[in-house]
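Subject: Handover of a structure and notes on its packing

Dear colleague,

Please find below the structure that I am handing over to you. My notes on it follow, and I would ask you to read them with the model open beside you.

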Amino acid sequence: VRRAAAALALAAAAAVLRGPLHAATFALPVSNDDAILLLMGRRVLAGELSTTLWNQPYNGALDAYLLAPLLAVLPHHAAYRLYQAACAALLVLLTGLLGRRLGGPAAGFAAAGLAACGTPYMALMAATGPPPNFLMPLVTGGPLLAALAARRLGGAASLGVGLVCGLAVWNSSLAVPAFAGMAA
């Protein structure tokens, strides 16, 4: 009961703290960088595979592949903003789980609460920013959570974590320092 009440309180805090950010930026047009991901996602649906962002070789195309299923059923603007909101919710959850694993339940709740806050910088990035940078914390934090949760992973879990790590490194070389730090 306490855990459910804490989860509901966190969800309410996220709705109050981050909800206005998503409400204010939802109607804004996507940026030109975001439009590239959407165009790439449409091409993925047509069978074209990409390994790097078009005309922007500093990042991989993982977002385009993740957006493609949404683009199959939603208009491009709604698909992108839903993807943003889903990643934001997953980041709050991941941050809370990492905080809990490292410092206990109170630390997990505090970490998730802070992650739920919408800052002016987030609003700026949602409105005009480069391709979504919120994916990298998810694909690097997920393996960290798995590593902290178990000393030794079984075959299927190891394969899954390895796949996520590989996708993270493929998507951005920024994953390499995060994984090197985890390994150390």
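What percentage of the 184 residues of the protein chain count as buried? The value is 36%. Please bear in mind throughout that this is a predicted model.

Overall architecture

The secondary structure of the protein chain consists of 10 helices and 2 strands. Among contacts in the protein chain with a separation of 6 or more, 69% are between residues 24 or more positions apart.

Helices H3 and H4

Two packed helices are described by the angle between their axes and the distance between the axes. For helix H3 (residues 32-45) and H4, the angle is about 70° and the axes are 8 Å apart. The two helices are therefore roughly perpendicular to each other, as angles of 65 to 115 degrees are counted in that class. On the H3 side, the contact is made by Leu37, Leu38, Met40, Gly41, Arg42, Val44 and Leu45. On the H4 side, Asp63, Ala64, Tyr65, Leu67, Ala68, Leu71 and Ala72 take part. Sorted by class, this contact has 11 nonpolar, 1 polar and 2 charged residues.

Ala68 belongs to helix H4. Is Ala68 buried or exposed? Ala68 counts as buried because its relative accessibility is 3%, and the limit for that class is under 20%. Residues up to four places away in sequence aside, Ala68 touches Gly41, Val44 and Leu45.

Helices H2 and H5

Helix H2 (residues 19-26) packs with helix H5 (residues 76-103) at an angle of about 165°, and their axes are 11 Å apart. This angle makes H2 roughly antiparallel to H5, since the class takes in angles over 145 degrees. The crossing of H2 and H5 is right-handed. From H2, the residues His22, Thr25 and Phe26 meet His77, Ala78, Arg81, Gln84, Ala85 and Ala88 of H5. By class, the contact of H2 with H5 comprises 4 nonpolar, 4 polar and 1 charged residues.

Helices H8 and H10

Helix H8 (residues 135-149) and helix H10 (residues 175-183) pack with an angle of about 20° and with their axes 10 Å apart. H8 and H10 are therefore roughly parallel to each other, the class being that of angles under 35 degrees. Their crossing is right-handed. Here Met136, Val139, Thr140, Pro143 and Leu144 of H8 meet Ala175, Ala178, Phe179 and Met182 of H10. The contact of H8 with H10 has 8 nonpolar residues, 1 polar residue and no charged residues.

Leu10 lies in helix H1, and Ala12 is found in helix H1 (residues 2-17). Leu10 counts as buried because its relative accessibility is 16%. Ala12, with a relative accessible area of 40%, is partly exposed, since that class lies between the limits of 20% and 50%. The C-alpha atoms of Leu10 and Ala116 are 8.1 Å apart in space, although the residues are 106 apart in sequence. For Ala12 and Ala116, which are 104 residues apart along the chain, the C-alpha separation is 9.9 Å. With neighbours within four places in sequence left aside, Leu10 is in contact with Val92, Phe109, Ala112 and Gly113.

An aromatic pair

How many aromatic pairs does a search of the whole structure find? The search finds 1. A pair of aromatic rings is described by the distance of the centres and the angle of the planes. The pair is formed by Tyr65 and Trp170, with 6.1 Å from centre to centre and 55° between the planes, and it is tilted. Distant parts of the chain are linked by this pair: Tyr65 is in helix H4 (residues 62-73) and Trp170 is in helix H9 (residues 155-171), 105 residues apart. Tyr65 counts as partly exposed because its relative accessibility is 25%. Trp170 counts as partly exposed at 32% relative accessibility.

With kind regards

Key:
Residues are numbered from 1 along each chain as its sequence is written. This is a predicted model: local features need pLDDT of at least 70, side-chain atom pairs count only at pLDDT 80 or more; totals for chains, interfaces and linings use all residues. Side-chain values use heavy atoms; hydrogens and water are left out. Rings of Phe, Tyr and Trp (its six-membered ring) pair if their centres lie within 6.5 Å; planes under 30 degrees apart count as stacked, over 60 as edge-to-face and the rest as tilted. Helices (H or I, at least four residues) and strands (E, at least two) are DSSP runs, numbered from the N terminus. Buried means under 20% relative accessible area, exposed over 50%, partly exposed in between (1.4 Å probe, protein chains only). Axes are lines fitted to C-alpha atoms, for helices over the stretch in contact, and angles run from 0 to 180 degrees between N-to-C directions. A crossing is left-handed if the near helix is turned anticlockwise from the far one by less than a right angle, and right-handed if clockwise. Contact means heavy atoms within 4.5 Å. Ala, Val, Leu, Ile, Met, Phe, Trp, Tyr, Cys and Pro count as nonpolar, Asp, Glu, Lys and Arg as charged, and the others, Gly among them, as polar.
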